[in-house]
Amino acid sequence: MVEIRGDVVRLREFRSDDLDDSMRIVGDPRVTRNLSFDPLSREQQEQRLIDAVKRSSATPRTEYYFAIATIDVDRLVGFARLGLNGVNAAKLGYAVAAEHWRKGYAYNACRSLIDFGFDKLNLHRISAAIGPENKASIKLVNKLGFSLEGEIRDHVHTNGAWRNSLLYSLLESDKRKIHVLS
């Protein structure tokens, strides 16, 4: 079992008792309008949690998908994921419940997960695909030091329509520069 501690959050493996709290994310159209899927039903999310728990014990592990919990209270407020793909590469994904927006949880979780990816998983590259209208996520990846690579047309189909994504990336050498500057 992997656990990653940040300054204000900790990333931990999912548990079956995360269902209610996770529904505040995956069942909320305010949140899912910026994700790659439509709002999920309770039954769909219950199966997703079961699958996530199974994948966390897979060998080799193909993803690191974590619940974001605050340091002081062990309740899920969001999730963050590194999906391993390619050679020493991963895709970053994250979401936080609307009631917890603008508290720094996504930034702290992503920064901690990026450090884990480069330092423990020996990644060379981490990418993130973000909808052009998702200003908060664009601001977040810029703050984390990601570079815009371009736009992927009709990348995901959500809410009944195709959506473009902006592709951002962070290389291990970029991370070193950011830590020197911060």
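**Overall picture**

Analyst: Buried residues account for 47% of the 182 residues in the protein. Please keep in mind that this is a predicted model.

User: How many helices and strands are there in the protein?
Analyst: The secondary structure consists of 6 helices and 8 strands. Along the sequence they follow the pattern β-β-α-α-α-β-β-β-α-β-α-β-β-α. The radius of gyration of the protein is 16 Å, close to the 16 Å that the globule rule gives for 182 residues, so the protein is as compact as a globular protein of that length.

User: What does the C-alpha trace span along its principal axes?
Analyst: The C-alpha trace spans about 40 × 40 × 35 Å along those axes.

User: And what about contacts between residues at least 6 apart in sequence?
Analyst: Of those contacts, 59% join residues at least 24 apart.

User: Let us turn to H3. Which residues of that helix are buried?
Analyst: Helix H3 covers residues 42–55, which is 14 residues. From its first C-alpha to its last it reaches 20 Å, close to the 20 Å expected at 1.5 Å a residue. Its buried residues are Gln45, Leu49 and Ala52. They cover an arc of only 65° around the axis, which puts them on the same side of H3.

User: Why would residues three or four places apart point the same way?
Analyst: An α-helix has 3.6 residues a turn, so residues with that spacing point the same way.

User: What do the buried residues of H3 pack against?
Analyst: They pack against helix H1 (19–26) and strand E3 (63–70).

User: Which exposed residues are on the face turned away from the buried side of H3?
Analyst: That face carries the exposed residues Glu43 and Lys54.

User: New topic: how many aromatic pairs does the structure hold?
Analyst: The structure holds 5 aromatic pairs. One of them is formed by Tyr64 and Phe66, and this pair is tilted, with 6.3 Å centre to centre and 35° between the planes.

User: Is Tyr64 buried or exposed?
Analyst: Tyr64 is buried, because its relative accessible area is 12% and the limit for buried is under 20%. Phe66 also counts as buried, at 0% relative accessibility.

User: Which aromatic pair does Phe66 form with Phe116?
Analyst: Phe66 and Phe116 form an edge-to-face pair, 6.5 Å centre to centre with 85° between the planes. Phe66 lies in strand E3 and Phe116 in helix H4 (residues 105–119), so the pair ties together parts that are 50 residues apart in sequence. Phe116 counts as buried as well, at 13% relative accessibility.

User: Which residues form an aromatic cluster?
Analyst: Phe14, Tyr65 and Phe79 form one aromatic cluster.

User: Finally, where is Thr158 found?
Analyst: Thr158 is found in strand E7, which covers residues 147–158. Thr158 is buried, with a relative accessible area of 5%.

User: Which residues is Thr158 in contact with, leaving aside its neighbours within four places in sequence?
Analyst: Thr158 is in contact with Leu35, Ser36, Phe37, Asp38 and Arg163.

Key. Residues numbered from 1 in each chain as written. Predicted model: local features only at pLDDT ≥ 70, side-chain atom pairs only at ≥ 80, totals over all residues. Heavy atoms only, no water. Helix = DSSP H or I, 4+ residues; strand = E, 2+ residues; numbered from the N terminus. Expected span 1.5 Å × (residues − 1). Buried < 20%, exposed > 50% of the residue type's maximum accessible area, 1.4 Å probe, protein only. Arc of directions from axis to C-beta. Contact = heavy atoms within 4.5 Å. Rg over C-alpha atoms; globule rule 2.2 N^0.38 Å. Phe/Tyr/Trp six-rings, centres within 6.5 Å; stacked < 30°, edge-to-face > 60°.
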